[in-house]
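Colleague: I have a new model to read. Where should I begin?

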Amino acid sequence: MGSAGDLWYDKNIENIAFELWKEIALNNYVLVYWAEKDCDSLSANAARWAKSKKGLVCGITYWNTPDIWQDMKKYTDVIINTWMQRWWWREFVLVSSCDAIIVIGWWSWTLNEITIAYQKKIPIVVIEWTWWWADKLKDKYLDDRYKNDPARFICKWVKTPKEALEYLKSLE
């Protein structure tokens, strides 16, 4: 999870993201991302890179028009058309399609995805020093519900993408 609609990330974020996508592809996990036709983003780069390494890629997209499919099918194996506009409920579909989420920083929409994962008891991993929410949520629960519900996950802070996958494998 991270910024889908803009390219304000720096080279360090991009390098961390590429390392994460490599680990996802090498471990035969499915990359689930926000499929956007009209903007290039870290998410779209993830899909293109994962596909180039023979990874399985699933895109959650908006509306249901063939022009979206044509653009994305080059680097997306499965496209789920939600018929939903951007943001809001599509985030719920995106997070609900994941066994775990790995956060590479960013803005308030990413926090929405984190809170959805927390409510659904989906493991949350944040890569350290990738800015904003990733740094603010270091090894924290989002609220006190974990005291009565041990199935809740902390926002596990890790140093590297490899450590992220090791943590997630330890939960299996």
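Modeller: Begin with one word. Contact means heavy atoms within 4.5 Å of each other. The model here is predicted, so local features need pLDDT of at least 70, side-chain atom pairs count only at pLDDT 80 or more, and totals for chains, interfaces and linings use all residues. Residues are numbered from 1 along each chain as its sequence is written, and side-chain values use heavy atoms, without hydrogens and water.

Colleague: How many helices and strands does the protein chain have?

Modeller: Helices (H or I, at least four residues) and strands (E, at least two) are DSSP runs, numbered from the N terminus. The protein chain has seven helices and six strands. Read from the N terminus, the order is α-β-α-β-α-β-α-β-α-β-α-β-α.

Colleague: Which residues of H1 are buried?

Modeller: Buried means under 20% relative accessible area, exposed over 50%, and partly exposed in between (1.4 Å probe, protein chains only). The buried residues of H1 are Ile13, Glu14, Ile16, Ala17, Leu20, Trp21, Glu23, Ile24 and Ala25. An α-helix has 3.6 residues a turn, so residues three or four places apart point the same way.

Colleague: What covers the buried residues of H1?

Modeller: The cover includes S1, H2, S4, H7 and strand S5 (124-127). H5 has buried residues too: Thr110, Glu113, Ile114, Ile116, Ala117 and Tyr118. Over the 172 residues of the protein chain, 48% count as buried.

Colleague: What happens just after H1?

Modeller: Look at the backbone angle phi. Just after H1, Asn28 takes a positive phi of about 60°, and Asn28 is not a glycine. Asn28 sits in the loop between H1 and S1. Its relative accessibility is 71%, so Asn28 counts as exposed. Lys54 also has a positive phi, about 70°, and is not a glycine. Lys54 lies in the loop between H2 and strand S2 (56-61). With 74% relative accessibility, Lys54 counts as exposed. Just after H5, Lys121 takes a positive phi of about 60°.

Colleague: Is Val158 buried or exposed?

Modeller: Val158 is buried, because its relative accessible area is 1%. Val158 belongs to strand S6, residues 155-158. Set aside neighbours within four places in sequence, and Val158 is in contact with Val125, Val126, Ile127, Glu128, Glu163 and Ala164. Take Val125: it is 33 residues from Val158 in sequence, but 7.1 Å away in space, C-alpha to C-alpha.

Colleague: How far apart in space are Tyr62 and Met84?

Modeller: They are 5.2 Å apart, C-alpha to C-alpha, and 22 residues apart in sequence. Tyr62 is in the loop between S2 and helix H3 (66-72). At 7% relative accessibility, Tyr62 counts as buried. Ser43 and Gly2 are 41 residues apart in sequence, yet 7.4 Å apart in space, C-alpha to C-alpha. Ser43 counts as buried, because its relative accessibility is 13%. Now the whole chain. Among contacts between residues at least 6 apart in sequence, 62% join residues at least 24 apart.

Colleague: Which residues lie nearest the centre of the largest pocket?

Modeller: A pocket is found on a 1 Å grid over the protein atoms alone: an open set of points where a 1.4 Å probe fits, with protein on both sides within 12 Å along at least five of seven lines; lining residues have an atom within 4 Å of a point. The largest pocket is lined by 29 residues, with Ile24, Val30, Ala100, Ile101 and Ile102 nearest its centre. Helix H1 (11-26), strand S1 (30-34), helix H2 (42-52), strand S4 (101-103) and helix H7 (161-170) each give two or more residues to that lining. S1 gives the most, with five residues.
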